[in-house]
2 protein chains.
Amino acid sequence: MRYELYYWPEIQGRGEFVRLALEEGGADYVDVARRRGRGRDAMTQFMDRGRVKRPPYAPPFLKAGKLIVAQSALILHYLGPRLRLVPRREADRLWALQLQLTITDLVKEIHDTHHPISTALYYEDQRPAAKRYTREFWRHRVPKLLGYFEDVLRHSGGPYVFGRKVSYVDLSLFQIVEGLRYAFPRRMKRFEKKVPRLIKLRDEVAERPRIAAYLQSERRIPFNEWGIFRAYRELDG
Amino acid sequence: MRYELYYWPEIQGRGEFVRLALEEGGADYVDVARRRGRGRDAMTQFMDRGRVKRPPYAPPFLKAGKLIVAQSALILHYLGPRLRLVPRREADRLWALQLQLTITDLVKEIHDTHHPISTALYYEDQRPAAKRYTREFWRHRVPKLLGYFEDVLRHSGGPYVFGRKVSYVDLSLFQIVEGLRYAFPRRMKRFEKKVPRLIKLRDEVAERPRIAAYLQSERRIPFNEWGIFRAYRELDG
């Protein structure tokens, strides 16, 4: 099966959680909108609600034969067993997706550190609210959410959420740590000692051969100030 | 199977999407935290990360035998086939969950109309930001998101997202319309003519015998100002 991933070509964004799984799973895939020529048009035509019977609400979405799956957590749930990135038992698949949905909630909150009022406004037009949001986010939400995943790893015995076998959830947690380091280097440096298991997980994922090769490749889009994780110095405490 | 639902007993909140499915599905269930006595303690003990191997991050969660499932969309995905509230084909189950996850995103945005900065602060301490968030929300997000579901219903032929057979997604869309009417009566009155299919769906769900009986019962907690949908007059334009 050749998978087609559709996502904005300029950013890691929510598509990156899917890209990491496709890479670690050794999938045969095309990152459609990043192809030369009319790749971006190929993406937007699937979102044409006049023509598509079950249009995705937004990218990322994955085309697998005739099937189109949107929502990054759901794409990972779909790919998980096919790429051997989740155990096959129903209880384990549900647990993985439950964790992934909590990561999804966290990703939205990270995005809102720079856009707390509206995505239709520039960051510069909501900067005071962004500063206040970010302060509360680091005071309450980061300790609670990353603390939760730290506890999950304590129960699993590590290094991964299912123990010794990697899953798509671990790849996403790697991306969370990487992104927080990029966006909030000073805050993250102070915080990391509170989540040693999560940092260990990040290191284990980074050293996996396929992930290491991907991170060195041009397929990995660098972090930038259009995505979820943005390095705005005045938000970094 | 007797299901146990664990959710805050004072509010509809995110638990209500699950309650509606349990009711329409005729499930044998207990709303644990609403029982007299120590119901609430029974809930919080499952969130004790020192004791529970796979603790849910937050309510709502469902106990089905030994299995615990958290995240409202995932609970509905799990219950769907068991309560005949989703078609059995994998493509249909994925489509239903994809729609439900977009509803989840919408619910978070609705919550943020009154708490755009932090859930750790009172509404009164973030009122100017709430007013600005709400204005942008009704200008951009409501038309986009409810317009999306209107298009889904146009494609399905209605009255439901799968056509003539009701699904858990429809019950959740009913709750969205009811909640927006409660929280923003003036704004919603002006907006409703743009989404006639969604309003028709709301009416169809309200007339289903089990839902109608539930809405009349004491099991339906009234809307109030502690939940997701809050009637703050100054936010209603």
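Helix 6 (residues 168-183) of chain B packs against helix 8 (residues 196-206) of chain B at an angle of about 105 degrees, with their axes 9 Å apart. The model is predicted, so local features need pLDDT of at least 70 and side-chain atom pairs count only at pLDDT 80 or more, while totals for chains, interfaces and linings use all residues. Residues are numbered from 1 along each chain as its sequence is written, chains are lettered from A in the order in which they are written, and side-chain values use heavy atoms, with hydrogens and water left out.

Helices here are DSSP runs (H or I, at least four residues), as are strands (E, at least two), numbered from the N terminus. Axes are lines fitted to C-alpha atoms, for helices over the stretch in contact, with angles from 0 to 180 degrees between N-to-C directions. Helix 6 and helix 8 of chain B are therefore roughly perpendicular to each other (the word covers 65 to 115 degrees). From helix 6 of chain B, residues including Phe174(B) and Arg181(B) make the contact, and from helix 8 of chain B, residues including Leu198(B) and Arg202(B) (contact means heavy atoms within 4.5 Å). The residues of this contact divide into 9 nonpolar, no polar and 4 charged; Ala, Val, Leu, Ile, Met, Phe, Trp, Tyr, Cys and Pro count as nonpolar, Asp, Glu, Lys and Arg as charged, and the others, Gly among them, as polar.

Now turn to chain A, where the axes of helix 6 (residues 168-183) and helix 8 (residues 196-206) come within 9 Å and cross at roughly 105 degrees.

Next, look at where the chains meet. Chain A gives 51 residues to the contact and chain B gives 51 residues. Together they bury about 4700 Å², 57% of it on carbon and sulfur atoms (buried area is the accessible area, with a 1.4 Å probe, that two parts lose on being put together, summed over both). In chain A, Arg49(A), Arg54(A) and Tyr57(A) lose the most area to chain B, together 17% of what that side buries.

Arg54(A) also takes part in a salt bridge with Asp92(B) (3.0 Å, N to O); the term means a side-chain nitrogen of Lys or Arg within 4 Å of a carboxyl oxygen of Asp or Glu. Between chain A and chain B there are 4 salt bridges, and over all chains the count is 38. Within chain A, Asp112(A) and Lys108(A) form a salt bridge (3.3 Å, N to O). Both lie in helix 4 of chain A, 4 residues apart, about one turn of the helix.

Definitions and conventions
Angles under 35 degrees count as roughly parallel, over 145 as roughly antiparallel, 65 to 115 as roughly perpendicular and the rest as oblique.
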